[in-house]
Amino acid sequence: MAIETKPGDGRKPDFASPAMGDGGGTSAGLGVPHRGWTCVGMEDGGTAAHKCEMCCTAKVRYVHIMTHPDFVGSLRVGCICAGRMEQESSAAKRREIKFKKYLKACNKWLTADGWRVSRKGNHYRNVDRCNVVVYPLPKGWWFRVVHRVTGIGWVPDAPYETEDEAKRAAFDRLPRNFPELDKRIADREDELELLWFAAGGEP
Ligand SMILES: [Zn+2]
C-alpha cells in the first residue's frame, strides 16, 4: 500500500503501522495517521465490550469516534488512545466525564416521574420554560419542543422507532443542550422586549 505525502514538504508522514510496535497496529491496517485526529462524537456501549480500533487491545464502554482529514471514515477508540490521537489526553478525559454526566442526566430525563399524560394521551412535560410532548404516528414516534414565551420550537425531520428514543432526542433539543435553539429564543425575547418598549411598556 502506497502512502502519499505532499511532494517537497520535507515532512515524514506521521503514520502508525504494526511495525512500529505500537500495541500491534490498528484494525484499520497500515497508513493510519497517529496524530491530528478530532473527536466527532461519543457512544455508550452499555458494557466494556468494545475493542478500541486504534490499539486493538483496550476494551472500553465509552467510545470516542475520531476522524482525520487523511483517513476515510472514522475510528472508534477508547479514552487513552483518543487522547493520544488528538494530542491532548486531558481533553479526552474531560470529554468522557462530561459524556457520563450527560448520560446520567438523560436517563433521569427518561424516568416516568417528570412526565405527565395529556388529554390526547401523550407524554409531555414543561421544563426550561418549554413544553415538550412526545407522540406516536405517523410512522413512528415524534417529539416537539416549544418555548412557551416566544413560541419558537423544534420538531425532528424524521420519526424515531420508540417513545424512549424520541424522548432522548427531545432531551438533546432542550435549549440547555442545544445552543442553536437557545440563541434563537434569546434573540426573539430581545425582539419582543423592544416591541414592548415601542408600544409604550414601562421598563
Ligand atoms: Zn486504544
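Select Cys-106, Trp-109 and Leu-110 in α2, then Asp-164, Lys-167, Arg-168 and Phe-171 in α3: these two groups meet. A contact here means that C-beta atoms, placed from the backbone, lie within 7 Å. The model is predicted, so local features need pLDDT of at least 70, side-chain atom pairs count only at pLDDT 80 or more, and totals for chains, interfaces and linings use all residues. Residues are numbered from 1 along each chain as its sequence is written.

**The helix pair**

Now show both helices whole. α2 covers residues 89-110 and α3 covers residues 163-172. Helices are DSSP runs of H or I with at least four residues, strands are runs of E with at least two, and numbering starts at the N terminus. The two helices pack at an angle of about 125°, with their axes 10 Å apart. Axes are lines fitted to C-alpha atoms, for helices over the stretch in contact, and angles run from 0 to 180 degrees between N-to-C directions. α2 and α3 are therefore oblique to each other. Angles under 35 degrees count as roughly parallel, over 145 as roughly antiparallel, 65 to 115 as roughly perpendicular, and the rest as oblique.

Go to β8, residues 116-117. β8 pairs with β9 in the antiparallel sense over 2 bridges. Pairing requires that DSSP finds at least two bridges between the strands. Pick Arg-116 and look across to Tyr-124 in β9. The hairpin of β8 and β9 has 5 residues between the strands, and Gly-121 in the turn has a positive phi of about 90°.

Follow β9 onward. β9 and β10 also pair in the antiparallel sense, over 5 bridges. His-123 stands opposite Val-134 in β10. This hairpin has 2 residues between the strands.

Zoom in on the loop between β9 (123-127) and β10, where Asp-128 lies. Asp-128 has a positive phi of about 55° although it is not a glycine. Arg-129 is in the loop between β9 and β10 too. Its phi is near 60°, again positive in a residue other than glycine. Asp-128 is partly exposed, with 14 other C-beta atoms within 10 Å. Arg-129 is partly exposed, with 13. The scale is simple: 20 or more other C-beta atoms within 10 Å is buried, 12 or fewer is exposed, and partly exposed is in between.

**A cis bond**

Move to the loop between β10 (130-136) and β11 (141-147) and select Pro-138. The peptide bond from Leu-137 to Pro-138 is cis, with omega near -10°.

**The cores**

Select Cys-52, Met-54, Met-66, Val-77, Cys-81, Ala-82 and Met-85. These have the most contacts inside the largest nonpolar core, which has 13 residues. A nonpolar core is a set of buried Ala, Val, Leu, Ile, Met, Phe, Trp, Tyr and Cys residues joined through C-beta atoms within 7 Å. β6 (62-68), β7 (71-77) and α1 (79-85) each give two or more residues to this core. α1 gives the most, with 4 residues. Center on Cys-52: leaving out residues up to four places away in sequence, Cys-52 touches Thr-57, Ala-58, Val-60, Val-77, Gly-78 and Cys-81.

A second, separate core has 12 residues, including Val-132, Val-133, Val-134 and Phe-143.

**Zoom out**

Show the whole protein: 4 helices and 12 strands. Of its 203 residues, 19% are buried.
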